[in-house]
Amino acid sequence: MLKRVLIANRGEIALRIIRACKELGIETVAVYSTADKESLHVAFADEAICIGPHTATDSYLNIKNIIAAAEVADVDGIHPGYGFLAENADFARICEDCGFKFIGPKSEHIELMGDKAKAKETMRKLGVPVVPGSDGVVSDPDEALKIAKEIGFPVIIKASAGGGGKGMRVAHNEMSFLNQFEMAKIESEKAFGCGDVYIEKFIESPRHIEIQVFGDSKGNALHFFERECSIQRRHQKLIEEAPSPFLTERMRYKMGEVSVNAVKSLGYENAGTIEYIVDKAGNFYFMEMNTRIQVEHPVTEMITGIDLVKLQLLVASGYELPLKQENIKINGHAIECRINAEDPETFMPSPGLINAYYAPGGFGVRVDSAAYQEYTVLPYYDSMIAKLIVHAPTRKDAISKMKVALDEFIIEGVKTSIPLHKKIMDHYKFIEGDVSTDFLEKYFK
Ligand code: MV4
């Protein structure tokens, strides 16, 4: 088992990792920016090392300083959490080269999944359904138009270096195509330093459903069913739940099966998430694979009863996955609301001092947060201040529990998304489980 782990992150996920380490008897080393001196991850870790000033590029993204901290603290593993360096293949490689176990997949898999066109082609070859489109990257505009016409409009042009919705353009007809194609290329060159794009049939108002997967170093692979993440705004998820109210047992089985087969064939190690878009007819198509533990992992933990961060530490320590697929079962329903320090109307960040804080509790209520009374939400980092997760026997019970918990949650001094979550919990479309990626645009404009 790993003996001493450096957590290259901050906020709630750093706490989440520290807790899992402590439960396994692993010593913990926190790193922090000067602005985070008063943070809980600094207080709760066995040791804490300052890695630079408040700017993320100078601290939580500063590979040199993080590696130096790992050397000084004499750790044997590094957990990147999510965001920051979690999907930076160079960082993963440097960790390994310096003799620190990167608690995540091999750098080659991070790199592969970072190239969206390559990832799609790889998954297609492994039997995962993909959206009809170009065979990889297209550079010639005339060639691109020909392909678009063959696919049939509307089509979507995606940046190969993109992901998470960056660098995408939709063309509804032949007329607008060339313009959108050029724009997508220019934008993606500007944003990622790579103008490679590929083309797909545009699926209208899809659902976003993702499969939690895991692999170990012995070639075993498992899936932990799906998360429904359709309620999002500008590619930022607001609410996640498991299981999806849309999937039939048959679809759930199929999505799990193709996902786990891909993980096995890839020889993928540690936690991953395979993202799909699902159309009205129930067809599912591979979108991206996230090579990290995700923000919304708690909903999967609640319905399966399995601690996914502990599993990451176990697998990174060289142990086999201590589970069999047939023993992983869905128990009840879980919902997560991301509580952000932002204006619930405009979604503008609302950093500042939290002068009153009371987190809800009770049976089946979980709060993953690094906030507390008198904590200052900093303007330099992500605005998420808490994840409120509920678990109950049915979806209906989970919604009731979430409403009670949201009512109990007191956060004063900063604006939060709590009022928006309350409205969504009361919306008939949400209650029916009839959600899609344009839910907020459609009903909350
Ligand atoms: C799509 C799509 C429709 N058709 N691809 C957005 C982020 C990236 N992961 C893929 N995305 C989409 N790809 C085709 N062929 C619609 C989206 C999309 C979306 C996907 C998942 C969650 C939210 C979304 C919001 C807008 C668009």
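Welcome to this predicted model. Sorted by class, the shell around the ligand holds 7 nonpolar, 6 polar and 5 charged residues.

**Who surrounds the ligand**

- There are 18 residues around the ligand, and those that come nearest are Lys-158, Glu-200, Lys-201, Ile-203 and Glu-288.
- In the side chain of Lys-158, an N or O atom is 2.9 Å from a nitrogen atom of the ligand.
- Glu-200 also has a side-chain N or O atom that is 2.9 Å from a nitrogen atom of the ligand.
- For Glu-288, a polar side-chain atom lies 3.0 Å from a ligand nitrogen atom.

**How the ligand is covered**

- On its own, the ligand would expose 510 Å², and the protein buries 90% of that area.
- Which elements give two or more residues to the shell around the ligand? They are strand E6 (155-163), strand E8 (197-201), strand E14 (270-278) and strand E15 (284-290).

**Where two helices meet**

- Now follow the chain to helix H5 (residues 107-114) and helix H6 (residues 116-125), whose axes come within 5 Å and cross at roughly 105°.
- On the H5 side, the contact is made by Leu-112, Met-113 and Gly-114.
- On the H6 side, Lys-116, Lys-118, Ala-119, Thr-122 and Met-123 take part in the contact.
- By class, the residues where H5 and H6 touch are 4 nonpolar, 2 polar and 2 charged.

Technical notes. Residues are numbered from 1 along each chain as its sequence is written. This is a predicted model: local features need pLDDT of at least 70, side-chain atom pairs count only at pLDDT 80 or more; totals for chains, interfaces and linings use all residues. Side-chain values use heavy atoms; hydrogens and water are left out. A residue is near a molecule or strand if one of its heavy atoms lies within 4 Å of it. A polar contact is a pair of N or O atoms within 3.5 Å; within protein, one must be able to donate a hydrogen and the other to accept it, and residues adjacent in sequence count only if both atoms are side-chain atoms. Accessible areas come from the Shrake-Rupley method with a 1.4 Å probe; for residues, only the protein chains shown count as cover. Helices (H or I, at least four residues) and strands (E, at least two) are DSSP runs, numbered from the N terminus. Ala, Val, Leu, Ile, Met, Phe, Trp, Tyr, Cys and Pro count as nonpolar, Asp, Glu, Lys and Arg as charged, and the others, Gly among them, as polar. Axes are lines fitted to C-alpha atoms, for helices over the stretch in contact, and angles run from 0 to 180 degrees between N-to-C directions. Contact means heavy atoms within 4.5 Å.
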